[in-house]
Structure formats: structure tokens, C-alpha cells
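Please look through the sequence and the model shown here before reading on. The paragraphs below are meant to be followed with the coordinates open.

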Amino acid sequence: MRLLVVVILLCLNYLSLGQVVPQISISSSKSTITTGDTIVFKAVYSGGGLSPKLQWKKNGLNVGTNSDTYIDKTLNYGDKIACVLTSNDSLRVLNVVASNFLSPNINPLQIKPILNGKGLVGEPIILNSNQTQQIIWRRNGNIIKNPIKDLIKTGITIAGSPERTTRILWPNGIFIDENDDIYIADTYNNRILKQNFKSGLIEVVAGGNGSPSLGSPGQSNQTSEPNDVVKDKNGNLIIAAGGRIQIWEPGSISGKTIISKSTSYLFLDNKNNLYFSNLTLDQIEKYNLSTLEGEIVAGGNGKGSKDNQLNNPAGIFVDNDENIYVVDNGNYRIQKWAKNSKTGITIFGGKGSGRTESQLYYPTDIHIDKNHGILIADSYRVVKCDTIRKIGTAILGSEGYGIGSNNLWHVKGVSVNSKGEMFVTDAYNNRLQKKNLLTNIITTQIGGDLRKNELFRPSGIAIDKDNSIYVSDYGNNRIQKFSNNSEETIFPLVPNSYLGLSQPYDLHIDSLKNLYVADASNNRILKIDSKLSTGSIVAGGNGRGNQLTQLNYPRFFTLSKSGNLYISDFNNDTNRIVKWNINSLQGNKIVDGKSLNVTYFNPSALFVNKNEDLYFGSNYAIYKLPFNSKVPMIVAGNSSYGFGNNNINYASSIVVDDEENIFFLDNNQVKKWIKNAKSAITLAGDVNGGNRSDQLSNPQGLKFDNEGNIYVSDTYNHRVQKFVFENNSTLTPVLAGEYSATIITQFGEFTTPTFKVTAPDTDKDGIEDALDKCPNTPVGESVDANGCSLIQKDSDKDGVNDKLDKCPDTTLGNKVDENGCANNQKDTDKDGITDDLDKCPETPVGTKVDKNGCSEAQLACQAIKPVIILKNGIELSTSTSGISFIWYLDDNIIPSANGSSYFAIKSGKYSVKALSSPSCVSSMSEYQNIQITGTNENELKLNISPNPFSKSVVIEFPISFGPSANLIMYDLKGSTVYIKENVQNKEAVNLSHLTTGAYVALVSSKISSLNMIIKLLKE
């Protein structure tokens, strides 16, 4: 190979007391230099009396010290020679560098880069140059873009997917409705799935909008790792997720929070009462969903094993007699609490943890079928209980976990449909198992199929020199390789082999393509041979423990070029970082809590550079431990918890470049912390997280490929995202200004002439379109720095713009009028009491009122308590005379209805007010729900006798009603007091539990729309 030596003179001038201008001259015995020739480099410098020291470098490495001459016999094409001159005077110039290269036959004077384009915001600027190794873009003299900042924040999914509805991830609670449709709490997909019984179609019916940010239950359209779901008779879904209970109406895209408590399992009885297990207080609570009034119905006496206590209560079942059956998980028993009882009785288990016929092993759920058979979800099996003999029989599953059709692995929920088919959520196997209890045939209903292109909570990432991607598929216990649009399982080749994986986490690759994986649950680091795909233990593997030969659930590690493993041994001692050579039998502790002078030390991700300086995340910061040092130093973060760019909560992956810029994952984002900066830059993702292409959800692995593109294991979205850098030679400006580009080549740096870019201002408000957040401002309106006028802003987010909003500080969520005012901001009757607190809202002006906004006259008037009863129609009964009334049907005034009674002629909700004067208006009465059949009573021949009754009544209805009917009893306030379905003709119904008084009986046909209301009196 023939080379031409091109000598470049770099003259670096500095404002200092002296000036050093280094030059390098080159000499050789030959006129044409080739590889391997002896080349002499001579440093020539001058500098105002300075006596600098010299350090020669070749390709960044020291090769000679303090000599004017450096001789090289091994110079190759592309090598870089530099001479560093360091002043011995601290007040003068330091670190002046001059460089030369052996180069191809190119004249540096011919390198004249130039920028071309239309010169408009949004139109690309194109760099034209025959030499571009690296480009730095500037706007108005400030750097705005370089290869590491040039990130397209929309990711490309190269493996896995968050959308697959057939891939359930850690399924939990299950509910089967009256149509045998199945609802599943798809926990780690943060959603509720529904499978239609007839069509088999699976759809997302709640959630599925990503994982909430740390410490948050989530937005209204999110379900954070849902535990359980039930469905009421109106089709509403009630979901326990993220420390709250939500109601999702049919077809809605968000839910309404009704209870904010930490819950696991739910049960809804036929009276619209919701039962749930309160994990925090170890108790079962019952809530009326109409009133949201709650009470404790089991437990509530602290964690324990006494008859009045529970320990981590889980599944619930309530029978028609209101007996409550509770899965007392921590006590390995099933407790039965009779209605209004203060204690429970053990009907099964309670004999310690075990899998014998009389024991339970961490039970989770319970179902009682129509034949009163009790089924218990018990970790690795479903047990059918004989509560008399206290013996249980496993009808699905076995004593050990597994992946076979008759194996279960952490069963979470159990239910049976009307066809006698039992469904079980097999959490660890990510599937819903079905067993026909009549034929004993077992099949997988949903999930369970492990595909090569699917991932379950991917964690670590490694990239080889060919840009093939390796992923530790944490939930599927395997290592996947993705390259050239293909995917394959690299390890283990034989499932459940001796060296099989259990929760693999961090992943790294060496120059020979050997993989190293943190096999967390097996407490070891494995090396996977690239050619044989066989595994060997290189650290740990001696059981879980705190000896130096052991590891305890290692998740994060890094690998140095010298063969040292640095392992974040998270669960050991005071937690520790150990250094372990791959050829050693034990490691050495190099960092623990004492090193940082902290009580609690929680090391996370690690990175080691070519100098074996160690970087690691811990205690809301990133630390650097220089090689051979014992004292770590904070290089990013401020040791405080938070979500801003100056905070680091938990760095789950770290990469450090040659300039000591730190790239890491935190708060669902890819971040960059420039060396010595005060805060980070967000490169991709946002703090809330999500499953869009520009979002991440609890990412765990971060790597760069050879082209500088970023790869992230998007763990909770079960995918790998690639974030690509734009073409460096093209820039699309978003702001006006003067642009330039500097190219860095082997001949030096060359800068283009400035290129002017202008920006339009379409709405003529003085803010250019790129910065204008309100681009359609009406002409003449004043705007703020964002280009927004008052008419375009709604600061308190109440739906009324700031220009019209007369109450600008409305609390978020309050309903407002057309002026933007909520009831707590208004005083309509000018009595000094805001409308939300005013119990007498029509006080005459000037009248003295009490703290409730009521005058003496209004208080006297409110003593009138209208009561609606049924007689020949609807009658208002009151002893007060001289009062007129206002009647309402469905909140609308009924014209000419002002007497003390009114005959109902339409179905609807009736209510009434008493009125005597403007200062005396009673409160609205309670609603009375009335249903009018619109049929002729004599033709129906519906009869309930005797009436009045004492204990039982006989119901007789015509043939047109069908062979059976449904009965609902109401009291005179409209509250349901009794329900019985499938009442046979002339059947006697026992109503002895009702108290003396008047009731309304609604009898409804099951085959038509016929129904009838009859008033009954209980003696």
C-alpha cells in the first residue's frame, strides 16, 4: 500500500500570558512512505519563555514522553499521531494539541463544505461535502445538533408487541357473565380482556393504554396491573387496579374511580353490593354501589390467625344467605363468616402450608357452583372441597408446577360457566386453562403459545458487531436473537434443562459473540458459547447466599474487556457490588453502603469503560468509581427522588461514551447526562409512559449499535424499540436563524458559511409558527410568549376560555356554568353562603341566615316533609295545611299539578316540593320510581293473595306471562327489598322477613314486555 504523507499545521491561539504554537514535522529515508517504514516525528514549538512537557500519543494512547522526537516503525493508514504540550506554569496555556495523519491523496484545501436549501423553517438544509466523518450543526453560533442528539423520538418496534390480545401476561381475576362471556384481568398488560363465548373473539374492554407513571394509580383511561374484575347487571365493569376501584360503563374509554383503596379480589352480589378484600387492613369490606356506603363484614382486627382476623385475604364468594367465604391466603384456610357475624369459622385448611388432602398452599380464589361445590384456586392446583370431611381433591393441576395441560403455575382465579366448564387463570404460564367438568377434557382457552417473535417483559439487550440484537426474554426464560427479519431462541435450546434460565435479566456480549446473562432466580451469571449455544456458570451458582462464592438474585452486571464481571448483588448483605473475574471461583466486594456512607444501598445498573472505571446507579444518583479507587463519586443526579431532568429515580441501564456523557433509562425515558452538567436531556419517551411508538413503559435495557442508533427493551410493552438517528448531512430547522455546519475529518475541522433561515407567522401575532402553540389567534388579540390569547386558553381546565371565565381558579373536576363558575365560587341569592354549602338557595336578599344559608322562615318551611305513598295513585301526605305543591316527573315540572296528590299516568321518577311563599320552599322529596304497564288489569288477571299478608303470598298470572315470571319487591322509597327469579304460576313466596308496612310488587314476564305493579300490605 502506497501512502502520501500530508502534513497539517494546527495553530491554536489562546488568551493567556504566553502563546504556544506547536508544529509537527515528518521525515523519512524514503520519498514515498509505505506501511512499516520508519518515520520520525519532530515537535517544533515556541512560546514566550514557557517550558512545556511533551507527551506523544498514537490513536489516543501514550507512546512517548517529554522528548522532541518520536519514531514509529509500525504506522498504518488512518493512524493518528498527536503531541500534547503541557505548560509548567499554571497561569499559562495547558494541553495544546497538534495532530497529523497518514492520509490518502486528498488536498485539504479542496474541502469546502456548503449548505443549500430553501431557507425556510420546515424545509431541509442539505450539507454538500466530499468529506463527512462527523458533523456539528449550529444555530446562531450555538450547537444544536450532533450525531448523539439527532434522535428521532418515534421508535420502531423490531421485536415483540404490546397489542396481542391472545397473549395474556400474568392473568389474575376472572369473571363469567350470564352469557358465559369471559372477562380477565390481564395484569401485566394493564388491561381487561373479554372473550365472547359464541364467537371466541377477544377484545380489550378496559385499559390497554400503557402503564401509569411511578407512584400514580394512573389516568382515568388506564388500569394499573389490574387484580380483579366483575360486571353488574347494567353491563358496567368494576375493576380493582392500582390502589383504586373503577367503574367502566359499556363502551366507555375511561373509568370513574369510586373507591381509593388497595384491593385484590372483588365480588358483586345480586343486590348491587360490592365486596372486596382490603390488603392493607386485612379485612373484607362491603359497599352499596348506589350509596357508596361501606362497612367491614369480615376481619378488620389486625393481621392474624384468630377467628376474628385475616392474613392477606384474597378471593371472596357470597351466597344467597349472605354468608361470606374468604380465601385467607396467609393462614392457608377458607373462612366462612355468617351474615352480621363478628367471627369466622374455618371450613377448610388452616393446618399450615402444604399440599395434602387437608391442607392449602397459598390459596388465592374461591368459587361455589350451582350445586354448592366449593372450588379453590391453590397455587399449583384447583381443589374441590368436602367441607364435612375437610378433605380436598385436586381436579386440575398437581403438587408441582409445570407447563403441561394438567399443570398449573401460580393459579390466580377460578370460575365455572353455565355449561359446566371450569376456567382457571394460570398466571406464570400466561394462559387461561379450561376443563370440562363433565368430560374432563383440558384445553388452553387463551394464551400459552410461546412464539419466537413475542416477548414477555424483556429486560437485557446485547448487540454484536453485525448489529444482531439479543434479548433476555425475562418472562419466557430464554434468550432471543433478532437479525435480518428473523428470530430464533439462542438459549436454552432444551426447555427446563439443567442450565435452563429463570428470570434472565441483564445481558452483555463479548468480541467473540459469547453472551453473558444474569440468571437472576438461579443466582448466577451464565456464559453462553456463541458457536455451541451451550451455557456455563462464570459467577455464583452455589445457591442463594451472602458468601463471596454466592449471589442473591443478581439482576444487573457489566463485563469489562479484561474479563472482569461487575455484579449488582442486590439482595445480599447491605446490598453490594462484587467484582468477579470469569475464571475465578469467587468475587470481591468493592462497593457497599459503607462506601457511600448510607444506611440503605440499592445498586442498579452498571457500566465499565475501557479504563475499568465503574459507573453504577444507586440512591437516586449515578456514581463513578475510578479504577483502583475505593471512593465512589456522584457524576449524575442529586440524591433526591423526583421526576425532573435533574433527578434520577432508578437507573435501569447505563452506557457511558468516550467523552463521559452518560446515557441511562429512568422514569420511562431515555436520558443523556452530559459530563459536568446540572441536569439530563430527555432523548426519548415521557415520564407518564405508554404504549405509543414515542413512549416506553418501565424500560430495562439500553444499547447502541455501530451506527449510534439506540435500542431499548420496552419491558411492560413486551417489545424492543429502536430509535434512529437522522441523516447527519440533512437538517430540518424548526426555528429561524443563521445555521452553519462544521465537519470533522482526518484533515481537521471545516465550517460552512452561514445559511439564513426565516420562519412564517401565519396568524400575524408576532410569534413564529414553530413556537406558536395557538396558531389561529384572531387578528388583534394580545398573546403571551406561546402565541396564545385569553380566548384560546383555559387555565383552570373547566371548559370555559379565560376571556369569558369569571371564576378563573376553578378546582379541576368541578362542574361550572357558562361563566366558568362552580357552586363553591357562586352565591346566587347573595346571602354570604356559597351555593355548594347553601341548603336554602332561594333566600330573599337582605334576610339574615345561619351557616347553612337558611333564614328562620326557611327553617320553619323545611319542617314540612312530603312523603309519597301509593293509594289510588301517588299522593302527598302531610298534616300541614295552606300549602301548595310542585310536582315533577323525571325532573320536569308537571303543569297544573299543585295539589296534595297527583295521579301517576306515566312511567318515570316522581318527586315533589312544598311551596307557600318565596321565602318558604321545602327540599325536593326523594324520588319514587313508578312503572306503568299500559295494559288492562282485568285482562291480565294478575292476582297476589292474600293482601294484606302476614308471611307468604301466592302469585297467579295469566298464560300470556309464560310458565314463570320474575318478582321484585320495593319499599315506598323505591329501594329493592326482595328479588326472586323464575317464580312459577300459583307459587307461594315467603315474605316473612319483611317488616310491617306497604310495599310495591313488580311482576315481569320472562317471554314478553308484560309487567304489572301491585301494592301489598304486610300485617
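The text goes from the whole chain to single residues.

This is a predicted model, and its protein chain contains 3 helices and 80 strands. Of the 1019 residues in the chain, 49% count as buried, while the accessible surface comes to about 48600 Å², with 49% of that area belonging to carbon and sulfur atoms. Among contacts in the chain with a separation of 6 or more, 46% are made by residues 24 or more positions apart.

One place to look in detail is strand β43, which covers residues 504-509 and includes I509. Apart from its neighbours within four places in sequence, I509 is in contact with A462, I463, D464, Y470, N514 and L515. The C-alpha atoms of I509 and T558 are separated by 9.7 Å, although these residues stand 49 positions apart along the chain.

The loop between β42 (486-491) and β43 holds P492, which is joined to F491 by a cis peptide bond with an omega of about -5°. Another cis peptide bond links N947 and P948, with omega about 5°, and here P948 lies in the loop between β74 (943-945) and β75 (952-956).

E225, in the loop between β18 (202-207) and β19 (228-231), has a phi of about 45° and is partly exposed, with a relative accessible area of 29%. K986, in the loop between β77 (976-984) and β78 (987-990), has a phi of about 65°, and its relative accessible area of 56% means that K986 counts as exposed.

Conventions: Residues are numbered from 1 along each chain as its sequence is written. This is a predicted model: local features need pLDDT of at least 70, side-chain atom pairs count only at pLDDT 80 or more; totals for chains, interfaces and linings use all residues. Side-chain values use heavy atoms; hydrogens and water are left out. Helices (H or I, at least four residues) and strands (E, at least two) are DSSP runs, numbered from the N terminus. Buried means under 20% relative accessible area, exposed over 50%, partly exposed in between (1.4 Å probe, protein chains only). Contact means heavy atoms within 4.5 Å. Accessible areas come from the Shrake-Rupley method with a 1.4 Å probe; for residues, only the protein chains shown count as cover.
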